[in-house]
Amino acid sequence: MATSKPPRTANRWQVARLVERRVETRTAQTLVLEVPDWPGHLPGQHVDLRLTAPDGYQAARSYSIAGPVVDGPGGPRVEVTVQRVHDGEVSPYLIDVFGDGDPLEVRGPLGGWFIWRPEETAPVQLVAGGSGIVPLMAMIRARRAAGSKVPFRLIYSVRTPSDVIYADELRRRVRDDFGLDIAYVYTREAPEGWRGEPHRIGLADVNTHGWPPDLQPLTYVCGPTAFVETVADLLVGLGHPSRQVKTERFGPTG
Amino acid sequence: MGIVSPGFQGRPRTQEPALPPGQYLTEDFPVLSAGPTPRVPLDTWEFVIAAENGSEHRWSWQELMALPQETPMVDIHCVTRWSKLGTNWQGVSLDTLLADVDTGAHFALAHSYGGYTTNLPLDDLRGGRAWVVHTFDGAPLPAEHGGPARLLVPHLYFWKSAKWVRGLRLKTMDEPGFWETAGYHDYGDPWREQRYQGD
Amino acid sequence: MTEMSYLDGNMLDGPMRELFTVDLSSAMGRCENCGMTGSMASLHVYSNAPGLVARCPSCEQVMLRLVRGPDRAWLDMRGTTFLQVPMPMEQPFPGPL
């Protein structure tokens with residue numbers, strides 16, 4: 001795999017400001033940050049955010065970048081989607097307190113492995129658990145932005161229909177983005193008229209809605225650790241080579 | 001210092017007299033882990049004290065349970081800055097376990113199922129200050145908190161209270177354990193805030 | 001949250017960039033214990049701990065530990081035999097430095 005030199009700006013903290021906020025679900029919001037020296041990024045990469053209190057206390061967390069960089073009047077804009085972690089130290093602040101124009105520090109982009117390059121030609125399957133959709137959405141958005149015709153399949157596991165992040169956009173993209181298919185798995189409560197019972201993701205879901213191994217797809221799985229573990233085991237069991245199954249686990253770090 | 005984000009406070013850092021410097025109070029019981037959680041069946045569990053002269057003292061689970069039991073209620077302080085007050089345990093005092101061990105060693109290296117190690121002065125395991133505990137809040141100690149049995153040395157940072165403890169190796173020289181070989185303090189007194197080497 | 005409490009090696013990128021310019025997640029590493037060679041991004045990283053502990057996904061032995069104090073950092077890689085780092089093609093005939 002060709003790897004470009006990491007840009008120097010990825011190594012240092014720089015100030016970013018909140019320029020826009022979008023409510024995605026009851027517990028998730030997208031923050032649009034203006035980052036003047038942002039060097040650009042690939043879909044799937046993440047960024048570290050750091051908060052500092054008046055007495056110097058700091059807390060840093062990693063967030064997946066949700067979409068391609070956008071040019072704004074004050075410089076490049078980077079979007080992250082933040083899921084509220086109950087009793088968390090950072091996410092409740094970002095959702096409830098952090099205001100328009102307020103500063104924080106960012107470092108990135110980070111992660112050169114869980115990435116999809118728009119010049120790739122292999123079919124892609126994406127498997128998301130909860131807010132694990134975020135870096136996968138970045139790939140879906142980048143595919144469209146690059147005019148890629150590579151077929152994408154997304155399997156998205158959520159507790160209830162109201163927990164679907166980017167719900168409207170996903171509906172629109174299934175209609176407009178040729179070659180994008182989406183299947184949902186509901187673990188607690190399914191929508192009206194949905195066939196089947198709520199269940200945890202299993203072999204049938206992956207087998208029916210993913211790509212067969214002989215198409216040699218690239219696979220990206222993102223979600224809580226136990227979810228990723230289950231899905232990765234299912235995929236490898238179906239015959240997908242484990243090095244083609246890229247995973248990103250996240251824990252509740254708040 | 002970085003640029004201040006307006007309104008950000010972070011975890012409460014107010015000083016309470018019962019808390020060592022730099023600690024915050026928590027009501028829940030955070031699970032820290034540096035590796036997979038070992039599952040140790042009770043019928044093969046054992047605790048071994050190996051003295052510096054090569055002699056060994058062993059206890060099976062039944063033998064540990066047959067020893068005099070104590071019920072310490074203690075405050076615990078994790079180096080990741082949470083403290084939990086008034087925790088209830090049941091187990092066997094290290095005074096009891098060390099009573100018949102003939103040793104001139106000054107240090108102990110506690111070792112665990114799963115490979116974890118931590119070093120302590122042997123004196124800190126004596127004098128009613130250290131236990132091998134198997135019960136928390138009246139119930140068997142869950143595996144994620146170190147069950148079947150863990151060390152409890154509450155006057156030192158909690159990483160010294162080795163989970164899944166399997167034994168002690170008594171030593172004439174101090175041998176740093178898992179975290180102590182990666183920057184953490186050899187003694188770890190929370191009241192003197194001995195977090196890292198050199199503190 | 002008990003057995004499954006680890007993350008991917010991916011997350012080591014930010015903390016390691018404080019020390020080195022290497023993008024660790026595009027590097028390969030060999031496990032000193034079992035010899036498995038794979039992407040450092042696929043290590044199992046235990047982060048709910050006093051430091052970061054990265055283990056071989058195959059044998060679970062510790063390959064890397066990183067402890068960060070306020071003014072110091074400690075890096076232990078004795079569980080990693082080598083790191084293979086992709087380099088830009090700027091030297092067609094590289095010599096030993």
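Q: How do strand 2 and strand 8 of chain C pair, parallel or antiparallel?
A: In this predicted model, strand 2 (residues 28–31) of chain C and strand 8 of chain C run antiparallel and share 3 bridges; strands are DSSP runs of E with at least two residues, helices are runs of H or I with at least four, both numbered from the N terminus, and two strands pair if DSSP finds at least two bridges between them. Residues are numbered from 1 along each chain as its sequence is written, with chains lettered from A in the order in which they are written.

Q: Which residue stands opposite Gly29(C)?
A: That is Leu83(C), in strand 8 of chain C.

Q: And what sheet do they sit in, which order?
A: An open, antiparallel sheet of 3 strands in chain C, ordered 3-2-8, where strand 3 (37–39) and strand 8 (80–84) are the edge strands, each pairing on one side only.

Q: Switching topic, how many residues does the contact between chains A and C take from each?
A: It takes 21 residues from chain A and 20 residues from chain C, two residues being in contact if their C-beta atoms, placed from the backbone, lie within 7 Å.

Q: Which element of chain A gives the largest share?
A: Strand 12 of chain A does, with 4 residues; strand 7 (103–110), helix 5 (225–237) and strand 12 (245–250) each supply at least two.

Q: What about chain A overall, how many helices and strands?
A: Chain A has 5 helices and 12 strands, and its C-alpha atoms fill a box of roughly 50 × 40 × 30 Å along the principal axes.

Terms used: This is a predicted model: local features need pLDDT of at least 70, side-chain atom pairs count only at pLDDT 80 or more; totals for chains, interfaces and linings use all residues.
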